[in-house]
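Hello,

Here is the structure you were waiting for. My notes follow below it.

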Amino acid sequence: MGKAVYMESVPSCSVCHTLNNAGSAGQIGPNLDSIAPTADRVYSAVTQGVGIMPSFSESLTEEQRRAVAYYVSQVAGQ
């Protein structure tokens, strides 16, 4: 589910972020493979927004936000 949220949310995380496991090479936001964030850090960013990244708390369910956070934290840097 986390990978599907990463690839299919609107806008897709892949538009802005690089993550090898997802085949994304976005250049706007941080390279997730380089920073290898924890699930808590991803969840916080997705829920509250950070920098130019908006909050997705109204467009993604709690389950979707937790799933994408877990997914990114498990595959980043691989």
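How many positive and negative side chains does the protein have, and how far apart do the centres of the two sets lie? There are 4 positive and 6 negative side chains, with the centres of the two sets 4 Å apart. Lys and Arg count as positive, Asp and Glu as negative, while His and the chain ends are not counted; each charge is placed at NZ of Lys, CZ of Arg, CG of Asp or CD of Glu.

The model is predicted, so local features need pLDDT of at least 70 and side-chain atom pairs pLDDT 80 or more, whereas totals for chains, interfaces and linings use all residues. Residues are numbered from 1 along each chain as its sequence is written, and side-chain values use heavy atoms, without hydrogens and water.

Fold: the protein has 5 helices and 2 strands, in the order α-α-β-β-α-α-α from the N terminus. These are DSSP runs (helices H or I, at least four residues; strands E, at least two), numbered from the N terminus.

Burial: 42% of the 78 residues are buried, meaning under 20% relative accessible area; exposed is over 50% and partly exposed lies in between (1.4 Å probe, protein chains only).

Cysteines: a disulfide is taken as a pair of cysteine sulfur atoms within 2.5 Å, and the count is 0. Cys13 is in no disulfide, its nearest cysteine sulfur being that of Cys16, 8.5 Å away. That distance is too far for a bond. Cys13 counts as buried because its relative accessibility is 18%; Cys16, at 26%, counts as partly exposed.

Regards
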